[in-house]
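Below are some notes for a colleague who is opening this structure for the first time. They are arranged as numbered points, to be read with the structure in view.

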Amino acid sequence: MFKIGFIGLGIMGKPMAKNLLKAGYELTVFDINNEAVREVTASGAKEGKSSADVAAQSDLIITMLPNSPEVEQVVLGNNGVLATARPGTILVDMSSIAPLVSRKLSDKLAGKGIIMLDAPVSGGEPKAIEGTLAIMVGGPEEAFNRVKDVLSAMGSSVKLVGDIGSGNVTKLANQIIVALNIAAMSEAMVLATKAGVDPEKVYQAIRGGLAGSTVLDAKMPLVLNGNFKPGFRIELHIKDLMNVLDTADEIDSPVMLTEKVLEIMKSLRDEGKAKDDHGGLIQYYEKLAKIQVRKKQ
Ligand code: NAD
């Protein structure tokens with residue numbers, strides 16, 4: 001059984017690490033936030049002093065960090081994973097980062113005999129807690145087969161999609177679809193409310209038809225209650241859509257709708273809503289329309 005190191009215990013990493021403990025894995029954890037570390041050690045994990053210390057004690061290392069710069073720092077930086085990880089170690093980066101950075105890190109790690117998989121997730125905090133995330137993996141099949149059981153302790157769908165970087169390409173596709181769905185829901189529900197129809201009734205009437213979606217069912221109940229507590233923060237979705245634009249630019253692929261939704265998210269960030277849930281995108285439309293999409297009292 002793998003000795004697992006887990007680095008990054010935020011909204012997602014914390015419940016994912018706890019699910020690995022529940023499944024019986026031995027875990028050493030690290031985060032720059034001591035409180036998060038305390039919470040996971042209280043559930044049975046061992047505390048690592050740094051990323052290097054975690055790597056020295058593990059044969060499988062999982063990272064769940066905000067974005068490319070943090071993953072580069074944890075892997076290549078001072079007191080990072082590369083300094084102490086042994087040849088044969090597998091690193092599974094489950095953060096959503098730029099596919100090019102996954103490929104670059106994988107090359108550097110390969111120089112020391114360390115194998116990397118990129119394995120971003122979809123599902124958000126509720127599915128991280130339930131252990132039912134969708135996990136999209138890029139990297140060598142042999143390494144994937146060795147870690148599949150570990151990933152299955154955190155997710156109900158674990159799919160290998162291609163070489164290193166493919167997991168993050170898949171995640172970018174996922175993030176385009178989610179962002180555009182939230183924008184479509186916002187535009188439609190503000191229109192319906194302003195036209196004088198109860199948005200809760202509109203939601204109930206359309207959710208079983210072609211316009212119904214996982215996004216609609218996850219976000220509409222929160223919107224109706226004016227609850228924009230994250231969840232998935234607008235600032236993280238901005239990060240993902242910026243990675244979409246960079247990738248699209250490199251390969252010359254059209255992303256005009258993504259560009260538009262990114263502008264809306266940036267405008268909300270500049271109004272101080274960066275830490276709202278991405279379902280809070282509707283507030284942009286609500287402000288323009290001077291109306292709120294809420295449950296009737
Ligand atoms: P988060 O900001 O809540 O957690 C990130 C954690 O990393 C924090 O605890 C932070 O202290 C830690 N960290 C940052 N730099 C570090 C360093 N140098 N060394 C050690 N620890 C460090 O973010 P999150 O919501 O858990 O998201 C993590 C990743 O998962 C992101 O890439 C995000 O896009 C992706 N994701 C999030 C959700 C969601 O709903 N929150 C859903 C799917 C995917």
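1. Which atom lies 2.8 Å from an N or O atom in the side chain of Lys239? An oxygen atom of the ligand is found at that distance from the Lys239 side chain. Please keep in mind while reading that this is a predicted model, and that the distances and areas quoted in these points are computed from it.

2. A backbone N or O atom of Pro66 lies 2.8 Å from an oxygen atom of the ligand, while a backbone N or O atom of Gly231 is placed 3.5 Å from a nitrogen atom of the ligand. On its own the ligand has 830 Å² of accessible area, and the protein covers 89% of it. Helix 4 (68-76), helix 7 (124-130) and helix 12 (234-251) are the elements that give two or more residues to the shell around the ligand.

3. The ligand has 26 residues around it, and those that come nearest are Ile11, Met12, Asp31, Pro66 and Lys239. By residue type, the shell divides into 13 nonpolar, seven polar and six charged residues.

4. Asn79 has phi near 60 degrees and lies in the loop between helix 4 and helix 5 (81-84); with 52% relative accessibility, Asn79 counts as exposed, the cut-off being over 50%. Asp252 likewise has phi near 60 degrees, but its place is in the loop between helix 12 and helix 13 (256-273), where Asp252 is exposed with a relative accessible area of 71%.

5. Which residues touch the most other members of the largest nonpolar core? This core has 36 residues, and the ones in question are Phe6, Met16, Ile62, Val92, Met94 and Ile135. At least two residues of the core are supplied by each of strand 1 (3-7), helix 1 (13-22), strand 2 (26-30), helix 2 (34-42), strand 4 (60-63), strand 5 (90-93), strand 8 (133-138) and helix 8 (141-152). Helix 8 gives the largest share, five residues. In soluble globular proteins, nonpolar side chains tend to be buried together.

6. Is Ala17 buried or exposed? Ala17 is found in helix 1 and, at 0% relative accessibility, counts as buried. Ala17 and Phe6 are eleven residues apart in sequence, and their C-alpha atoms are 6.9 Å apart in space. Thr89, in the loop between helix 5 and strand 5, is buried with a relative accessible area of 3%, and its side chain reaches the backbone oxygen of Arg86 at 2.5 Å.

7. Ile291 counts as partly exposed, at 22% relative accessibility, whereas Gln292 is exposed, with a relative accessible area of 52%. Ile291 and Thr193 are 98 residues apart in sequence, yet 7.6 Å separates them from C-alpha to C-alpha. Gln292 and Gly226, for their part, are 66 residues apart in sequence and 8.8 Å apart in space, again from C-alpha to C-alpha.

8. A last pair can be set beside these. Asp107 lies in helix 6 (residues 99-110) and, at 59% relative accessibility, counts as exposed. Between Asp107 and Val158 there are 51 residues of separation in sequence and 24 Å in space, C-alpha to C-alpha.

Conventions. Residues are numbered from 1 along each chain as its sequence is written. This is a predicted model: local features need pLDDT of at least 70, side-chain atom pairs count only at pLDDT 80 or more; totals for chains, interfaces and linings use all residues. Side-chain values use heavy atoms; hydrogens and water are left out. A residue is near a molecule or strand if one of its heavy atoms lies within 4 Å of it. A polar contact is a pair of N or O atoms within 3.5 Å; within protein, one must be able to donate a hydrogen and the other to accept it, and residues adjacent in sequence count only if both atoms are side-chain atoms. Accessible areas come from the Shrake-Rupley method with a 1.4 Å probe; for residues, only the protein chains shown count as cover. Helices (H or I, at least four residues) and strands (E, at least two) are DSSP runs, numbered from the N terminus. Ala, Val, Leu, Ile, Met, Phe, Trp, Tyr, Cys and Pro count as nonpolar, Asp, Glu, Lys and Arg as charged, and the others, Gly among them, as polar. A nonpolar core is a set of buried Ala, Val, Leu, Ile, Met, Phe, Trp, Tyr and Cys residues joined through side-chain atoms within 4.5 Å. Buried means under 20% relative accessible area, exposed over 50%, partly exposed in between (1.4 Å probe, protein chains only).
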